[in-house]
2 protein chains.
Amino acid sequence: MSDIIVQKFGGTSVGSVERIDAVAEIIKNASISNQVIVVVSAMGGETNKLIELSKHFGENPNKREFDALVSTGETVSSALLAMALHSKGIKAKSYSASQISMKTTDSYSKAKILDVNADKILEVVKDNTIPIITGFQGVTEGGDVTTLGRGGSDTTAVAIAAQVGAMRCDIYTDVDGIYTTDPKIVSNAKKLDSITMEEMLELAGQGAKVIQTRAVEFANKYNVPVRVLSSFNDGKGTLISLKDESMENALVSGIAFQKDQIKFTLHGVGDIPGTAFKILGPISDAEIEVDVIVQNVSVDGKTDFTFTVSSEDQETVIRVLESIKKEVDYRELIVDSNIAKVSLVGVGMRSQAGVASKAFKALSENNVNIQIICTSEIKITMVIDEQLIDKAVSVLHKEFELEK
Amino acid sequence: MSDIIVQKFGGTSVGSVERIDAVAEIIKNASISNQVIVVVSAMGGETNKLIELSKHFGENPNKREFDALVSTGETVSSALLAMALHSKGIKAKSYSASQISMKTTDSYSKAKILDVNADKILEVVKDNTIPIITGFQGVTEGGDVTTLGRGGSDTTAVAIAAQVGAMRCDIYTDVDGIYTTDPKIVSNAKKLDSITMEEMLELAGQGAKVIQTRAVEFANKYNVPVRVLSSFNDGKGTLISLKDESMENALVSGIAFQKDQIKFTLHGVGDIPGTAFKILGPISDAEIEVDVIVQNVSVDGKTDFTFTVSSEDQETVIRVLESIKKEVDYRELIVDSNIAKVSLVGVGMRSQAGVASKAFKALSENNVNIQIICTSEIKITMVIDEQLIDKAVSVLHKEFELEK
């Protein structure tokens with residue numbers, strides 16, 4: 001196995017020149033025992049500053065130009081980090097997406113990685129030089145700049161780790177690792193030493209903001225062990241393990257939740273084959289990630305079709321739904337942005353009965369009404385009133401004794 | 001002749017989102033009667049902000065990283081300008097150096113343009129879309145980002161105008177045109193409606209800060225008419241004409257001066273063939289532009305060799321001179337940074353005697369001592385004490401009645 005590790009540093013980790021110095025020190029130490037490849041985000045706040053500038057010219061700037069604009073943040077931080085390493089006597093070179101041919105689809109702002117020139121990166125490594133690669137960025141076949149969406153640098157890092165055959169991808173962030181739930185909501189939330197890839201996938205998808213879902217999917221697909229740890233404090237972080245190594249799994253390993261969600265219900269849709277596809281096909285074509293999808297049994301040949309998306313996609317979804325109004329007949333469109341999701345995640349759950357009912361009971365005893373329920377083998381997701389989310393997370397954390 | 005014009009906007013012209021809007025209006029108006037290609041600098045002050053960030057990691061950052069860093073300013077402004085044009089209903093697309101294959105040498109921070117993909121730019125124009133191209137940037141054959149040096153966007157604009165066969169290159173700036181001398185020093189300095197390329201070449205080289213020397217050289221070499229005008233006020237600016245069209249030339253058309261200069265004198269150099277080359281060859285190899293070069297007749301086989309360079313190159317020149325100490329024997333190296341240059345420029349000068357003596361007399365009567373004199377057909381350059389430069393410019397402007 002190679003001794004290459006990929007280290008990825010997020011925006012807060014490189015939020016100032018002092019932080020960039022601190023990160024250079026972490027890289028220097030890692031380079032003593034390993035060959036290192038670095039992926040870096042824009043300095044914290046910089047991407048938002050660029051977005052503010054663009055807003056002067058309208059709320060919906062052209063996406064090609066938007067991507068060219070916001071991707072500059074990573075070019076800045078990668079060059080500065082290379083300089084910081086030079087100042088510590090370490091050989092390093094910054095590379096943009098274009099320079100390492102990080103090819104993506106041309107879905108601007110939500111581009112998907114197609115390929116990356118691993119040989120070019122490995123050549124740099126062989127020359128005892130640390131490549132500092134811009135996260136978040138990509139290029140189309142035609143050479144236009146794209147971005148991978150918010151948090152895309154995680155995906156960049158895992159994709160590169162997969163392509164160069166790295167032994168591990170370390171995601172440095174501002175938290176110590178993965179917790180049973182958000183410590184800001186539940187004070188005795190516990191850090192996990194390891195978590196399975198499956199559990200992490202469910203957690204990340206449900207809004208555990210530590211690492212991007214797509215990055216975990218990539219890691220899962222290409223068998224890249226990922227570790228999440230802090231660039232601010234020492235510590236081993238949480239290893240997202242490839243295999244389920246513990247003898248016996250906890251029933252519930254974590255609680256995830258997400259607030260910036262919006263719920264669409266197509267009321268009175270005809271319950272005929274192809275309806276779900278007619279609705280979700282065009283939405284997927286618009287590169288919108290749909291989260292919970294629920295359709296219940298029909299009454300009188302009519303049913304209700306409900307799905308949730310991220311709040312930022314509200315306008316696009318409404319536009320898409322209007323455009324398919326002729327093909328998909330429905331009585332009424334109900335849009336509700338006053339919702340939140342909370343999910344119980346655990347590999348142990350699939351072999352154990354009663355988790356769902358225990359959760360429902362605890363919530364009802366605390367006057368939290370559940371609007372939608374949706375379960376998978378290792379996850380139970382509930383959509384509830386947004387105002388009740390903190391309470392719900394606390395109740396469930398206590399109920400499943402996650403503080404222990 | 002094509003009806004394409006290239007418009008270049010400098011940093012102050014695009015210094016804020018409001019200014020970018022104003023520039024978009026200028027472009028929109030020009031696009032009514034012409035096909036337009038735009039070249040843009042970074043928003044005023046942005047490049048300096050980036051340089052400040054880099055200084056945290058040492059005074060002399062690696063030049064490859066430095067160029068990757070500072071070139072992001074142009075990427076930002078080009079994307080924003082494209083958005084501003086969209087908001088006015090004009091089709092536009094931003095392009096970085098990499099996207100239009102603006103190939104340069106790999107002399108980072110002082111790269112020279114080798115080639116540019118004119119076909120790609122013309123394709124965009126044919127699609128009724130205005131290409132907004134990043135000035136200042138280039139790429140090496142290997143795909144690394146370079147920059148052309150301060151003011152390099154002028155050169156980008158003229159190079160593109162030459163390659164696409166544009167009818168004219170308009171350099172938009174914060175002044176109304178070319179003046180007989182700096183109006184800040186001489187209040188009745190007069191704007192010229194036109195100036196010959198030769199005169200402009202001498203003026204630009206001597207520090208008339210309106211347009212970069214290399215840009216004028218390019219324009220001269222490829223016969224591109226250039227116009228300098230203001231993006232803040234209406235007006236026709238100053239046309240830098242290809243031919244000397246006026247029947248009779250003014251004796252002196254302008255006075256240029258430059259302060260950030262440094263003078264090197266190699267005292268007691270052997271007056272043998274090849275000495276000048278041995279000194280200037282390595283300096284030129286280090287990509288340093290030497291300005292005035294003076295060597296006087298020898299006494300006892302020894303002579304003094306003097307040249308001036310821009311202040312920023314001081315350290316590099318000293319390093320080069322030390323490295324050739326063995327090959328070029330000299331008694332002493334005298335470095336003087338307390339100097340300034342002032343030049344009289346005029347096509348009429350070559351057919352008229354007495355300009356030089358008239359200038360020397362006026363300066364001596366005003367107690368300005370001339371350290372070095374160096375003349376060409378259309379220029380007289382004098383190196384004087386830096387403290388006396390404003391006085392010298394005023395005296396000469398009055399002497400040659402340039403206010404009339």
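**How the two chains meet**

Mentor: This is a predicted model. In it, 29 residues of chain B are in contact with 29 residues of chain A. Contact here calls for C-beta atoms within 7 Å.

Trainee: Which element gives the most to the side of chain B that touches chain A?

Mentor: That is α4(B), with ten residues. The elements that supply at least two residues each are α2 (46-55), α3 (63-70), α4 (72-87) and β3 (92-95) of chain B. By class, this side of chain B has 13 nonpolar, twelve polar and four charged residues.

Trainee: How do you know that the copies meet through the same surface?

Mentor: Of the interface residues of chain B, 100% are also interface residues in chain A, so the surface is the same.

Trainee: What makes the two copies related as by a two-fold rotation axis?

Mentor: Chain B is superposed on chain A by a rotation of 180° with 0.1 Å of shift along the axis, at an RMSD of 0.2 Å. The copies are thus related as by a two-fold rotation axis. Among the residues of chain B, Thr72(B) comes closest to that axis, its C-alpha at 2.9 Å.

Trainee: What makes β1 and β2 of chain B a pair?

Mentor: Pairing needs at least two bridges. Strands β1 (residues 4-9) and β2 (residues 35-40) of chain B have six, in the parallel sense, so they count as a pair. One of the bridges joins Ile5(B) to Val36(B) in β2(B).

Definitions and conventions:
Residues are numbered from 1 along each chain as its sequence is written. Chains are lettered from A and ligands numbered from 1 in the order in which they are written. This is a predicted model: local features need pLDDT of at least 70, side-chain atom pairs count only at pLDDT 80 or more; totals for chains, interfaces and linings use all residues. Copies are superposed by least squares on the C-alpha atoms of residues with pLDDT of at least 70 in both. Two residues are in contact if their C-beta atoms, placed from the backbone, lie within 7 Å. Helices (H or I, at least four residues) and strands (E, at least two) are DSSP runs, numbered from the N terminus. Ala, Val, Leu, Ile, Met, Phe, Trp, Tyr, Cys and Pro count as nonpolar, Asp, Glu, Lys and Arg as charged, and the others, Gly among them, as polar.
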